Amino acid sequence: SMSKKKDVPEAKVLLGRPGNHLKMGIVGLPNVGKSTMFNVLTNMSIPAENFPFCTIDPNESRCAVPDERFDHLCKEFKPAKEIPAYLSITDIAGLVRNAHGGEGLGNAFLSHIRAVDGIFQCIRIFDNEEIVHVEGEVNPIRDLEIIHEELRLKDIETIEKKIESLQKIADRVDKTKRTELEFYKDKLLPFVQDGKDVRTGDWKGNEVEWINPLFLLSAKPVVYLINMSERDFIRKRNKWLVKIKQWVDEHAAGAAMIPFCAELEKTAASIVDTSANEQFWKDQKAQSAVPKIIKTGYHCLNLIHFFTCGPDEVRCWTLREGAKAPDAAGVIHTDFQKGFICAEVYSYEDFVEHQSEAGVKAAGKYKQQGKNYITQDGDIMFFKANTGGGLKKKK
């Protein structure tokens, strides 16, 4: 019936490039602890043999995304192989004042940042005679302003170029482009010129589809990493924290702020033995910020994961929020997407409640889902697909 159709909620068009292979870039002015932190993350990367046929850029780390559900499933299924989800993080060098005008490594910096999907912004809030700050004294609000401004000025340039090239097309070739042109001219450009970041705007679905191909820097989600001295990190206090929070609320409402201490993380990263590492943090009366940094970056990209579980392997597969079952099948293999028949699905919560796959089935919670099923974070899935050579199952 007609009324049935109407109740289906309109799928929200997300800012950013579609796809599941999304990356975070880590940026910061020189000498704020960015490279130290990147090295700590690199130390935690998943060994490269987990990614056959793919060259990993030396400036990229693939860090396992901590997930208690994954750990629990591995314990229950006792698989031969355990493969977690990972987050790609790229170290982006060269951010200085006037980077948009080509200062420093300006142009390379801006093209590298265009290629990532979200940004970790590293800000330093402690004085240290030995580590000179590029702008003189330590002032994180000024640093936030510089970065914010650089990215925005580059976006203004990108939008202006787009308007210029589209104007010709709209005038001579394709009059239907006029509404798109008007959007860039009368809505998007003034918004960014007014000092606002694209990601904070309230855009309609068709507008988001016009924005996305521009790869605007201020449209990318941001997570603020606040590098503190050991003393301040352990006592969780510093005069700048409140001021930064106010700045973030005003300019990047909803963005996460994560305090960390690069020096402590660096020391901890050199302690390979797990129990000695845990003891190190206990002695400091503090906790590593790394798991939170990775998890927050992953979720700010609107990424979720589903699991495939069996005696051979328990594996997390990364998917963009809102993706349907055939897309999930396609993450495993494109053939499964093409020949998708159905997905057998149960939730992690049901697995925990009923303690086994058999228990889930007995409780009637093991469901067959068709091509319109929207994959949920933590789904355990099993696909049936016709891959030319008859029926194939993948678990």
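This is a predicted model: local features need pLDDT of at least 70, side-chain atom pairs count only at pLDDT 80 or more; totals for chains, interfaces and linings use all residues.

Colleague: What is the strand order of the open sheet, and which strands stand at the edges?

Modeller: The six strands follow the order β2-β4-β1-β5-β6-β7, and their pairing is mixed. Strands β2 (60-64) and β7 (256-260) each have a single partner strand, so one side of each is left without a neighbour in the sheet, and these two stand at the edges. From one strand to the next, the twist averages 25°.

Colleague: How do you know that β6 and β7 count as paired, and in which sense do they run?

Modeller: Pairing requires at least two bridges between the strands, and β6 (residues 222-227) and β7 have five, in the parallel sense. Within this part of the sheet, Val223 stands opposite Ala256 in β7.

Colleague: Which strands does helix α2 lie across?

Modeller: Helix α2 (residues 34-43) lies across β1 (23-27), β2, β4 (86-91), β5 (118-124) and β7, and runs at about 145° to β4.

Colleague: Why are α2 and α12 called roughly perpendicular?

Modeller: The axes of α2 and helix α12 (residues 290-300) come within 11 Å and cross at roughly 90°; angles from 65 to 115 degrees count as roughly perpendicular, and the two helices are therefore described in that way. Met37, Val40 and Leu41 of α2 meet Val290, Ile293 and Ile294 of α12 in the contact, which by class has six nonpolar, no polar and no charged residues.

Colleague: What makes α5 and α6 roughly antiparallel, and what is the hand of their crossing?

Modeller: Helix α5 (residues 140-173) and helix α6 (residues 178-193) pack at an angle of about 160°, with their axes 10 Å apart. The cut-off for roughly antiparallel is an angle over 145 degrees, and α5 and α6 are therefore roughly antiparallel to each other. Their crossing is left-handed. Among the residues making the contact are Ile156, Ile159 and Ile163 of α5 and Leu181, Leu188 and Leu189 of α6, and the residues of this contact divide into ten nonpolar, two polar and seven charged.

Colleague: Why are α10 and α11 also described as roughly antiparallel?

Modeller: Helix α10 (residues 262-269) and helix α11 (residues 274-284) pack at about 150°, with their axes 9 Å apart; the criterion is again an angle over 145 degrees, and α10 and α11 are therefore roughly antiparallel to each other. Here α10 passes α11 in a right-handed crossing. The contact is formed by Leu264, Glu265, Thr267 and Ala268 of α10 with Asn277, Phe280, Trp281 and Gln284 of α11, and its residues divide into four nonpolar, three polar and one charged.

Technical notes
Residues are numbered from 1 along each chain as its sequence is written. Side-chain values use heavy atoms; hydrogens and water are left out. Helices (H or I, at least four residues) and strands (E, at least two) are DSSP runs, numbered from the N terminus. Axes are lines fitted to C-alpha atoms, for helices over the stretch in contact, and angles run from 0 to 180 degrees between N-to-C directions. Contact means heavy atoms within 4.5 Å. Angles under 35 degrees count as roughly parallel, over 145 as roughly antiparallel, 65 to 115 as roughly perpendicular and the rest as oblique. A crossing is left-handed if the near helix is turned anticlockwise from the far one by less than a right angle, and right-handed if clockwise. Ala, Val, Leu, Ile, Met, Phe, Trp, Tyr, Cys and Pro count as nonpolar, Asp, Glu, Lys and Arg as charged, and the others, Gly among them, as polar.
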